[in-house]
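These are my notebook entries on one protein structure. I set out what I looked up, one topic at a time.

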Amino acid sequence: MADVDGLVALLKADATFSMPPNPAWARGVDNIRALVGDHIFAGQAGRWRLVTTRASGEAGFGLYRINEQEGRYHAYGVMVVSFDGEAIAAMTTFRTPALVSYFNLPQILPE
């Protein structure tokens with residue numbers, strides 16, 4: 001299982017997590033813990049891979065999700081992480097696989 005506690009330990013108390021254009025979003029450590037623990041990190045351990053990048057001057061990640069039939073990681077989208085000092089203030093995930101190419105990232109991670 002993924003380290004939900006490790007992630008939320010990095011958050012500001014009023015941090016936000018959003019996935020536009022999805023209107024649902026979470027604010028605050030407890031709400032983000034529930035969202036991430038119940039949905040994003042739930043299920044098969046190791047189903048996600050992140051590749052570092054930069055987006056609009058912020059820290060970012062290419063997000064990759066495993067294709068269980070192939071056993072390979074396919075692009076899922078891009079996450080932008082905004083910091084306030086050393087704490088995460090916001091995480092915004094754009095769930096558009098084609099976006100990774102704008103960051104010179106592959107559509108499928110090499111084995």
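**Entry 1: burial and overall form.** I call a residue buried when its relative accessible area is under 20%, exposed when it is over 50%, and partly exposed in between, using a 1.4 Å probe and protein chains only. By this rule, buried residues make up 35% of the 111 residues in the protein. I note that the model is predicted, so local features need pLDDT of at least 70 and side-chain atom pairs count only at pLDDT 80 or more, while totals for chains, interfaces and linings use all residues. Residues are numbered from 1 along each chain as its sequence is written, and side-chain values use heavy atoms, with hydrogens and water left out.

I next looked up the helices and strands, which are DSSP runs numbered from the N terminus (helices: H or I, at least four residues; strands: E, at least two). The protein has two helices and six strands. Their order along the sequence is α-β-β-α-β-β-β-β. The radius of gyration is 14 Å, close to the 13 Å that the globule rule gives for 111 residues, so the protein is as compact as a globular protein of that length. That radius is taken over C-alpha atoms, and the globule rule is 2.2 Å times the number of residues to the power 0.38. Along the principal axes, the C-alpha atoms fill a box of roughly 40 × 30 × 25 Å.

I then recorded the accessible surface, which comes to about 6600 Å². Carbon and sulfur atoms hold 54% of this surface. The areas come from the Shrake-Rupley method with a 1.4 Å probe; for residues, only the protein chains shown count as cover.

**Entry 2: contacts and cores.** I count a contact when heavy atoms lie within 4.5 Å. Of the contacts in the protein with a separation of 6 or more, 41% are between residues 24 or more positions apart.

Which residues have the most contacts inside the largest nonpolar core? They are Leu11, Phe17, Ile32, Val36, Met79 and Met91, in a core of 17 residues. The elements α1, β1, α2, β5 and β6 (87–94) each give two or more residues to this core. A second, separate core has eight residues, including Ile66, Ala75, Val78 and Val100. A nonpolar core is a set of buried Ala, Val, Leu, Ile, Met, Phe, Trp, Tyr and Cys residues joined through side-chain atoms within 4.5 Å.

I examined Phe17 in particular. Leaving aside residues up to four places away in sequence, Phe17 touches Trp25, Ala26, Ile32, Leu35, Val36, Ile40, Met79, Met91 and Thr93.

Entry 3: Thr16 lies in strand β1 (residues 11–18), and Thr93 lies in strand β6. Is Thr93 buried or exposed? Thr93 counts as buried, because its relative accessibility is 2%. Thr16 is buried as well, with a relative accessible area of 17%. Beyond residues up to four places away in sequence, the contacts of Thr16 include Trp25, Ile32 and Met91. With the same exclusion, those of Thr93 include Phe17, Leu63, Val78 and Met79.

**Entry 4: salt bridges.** Side chains of opposite charge can pair when their charged atoms come close. I counted a salt bridge when a side-chain nitrogen of Lys or Arg is within 4 Å of a carboxyl oxygen of Asp or Glu. How many salt bridges does a search of the whole structure find? It finds three.

In one of them, Arg33 meets Asp5 at 2.4 Å, N to O. Arg33 lies in helix α2 (residues 29–40) and Asp5 in helix α1 (residues 4–8), so the pair ties together parts that are 28 residues apart in sequence. Arg33 is partly exposed at 33% relative accessibility, whereas Asp5 is exposed at 52%.

Lys12 forms a salt bridge with Asp14, with the closest N and O atoms 3.6 Å apart. Lys12 also meets Asp84 in a salt bridge at 2.9 Å, N to O. Lys12 lies in strand β1 and Asp84 in strand β5 (residues 72–84), so this pair ties together parts that are 72 residues apart in sequence.

**Entry 5: aromatic rings.** I found one aromatic pair in the whole structure. Trp48 and Tyr76 form this pair edge-to-face, 4.9 Å centre to centre with 85 degrees between the planes. Rings of Phe, Tyr and Trp (its six-membered ring) pair if their centres lie within 6.5 Å; planes under 30 degrees apart count as stacked, over 60 as edge-to-face and the rest as tilted. Trp48 is in strand β3 (residues 48–55) and Tyr76 in strand β5, 28 residues apart.
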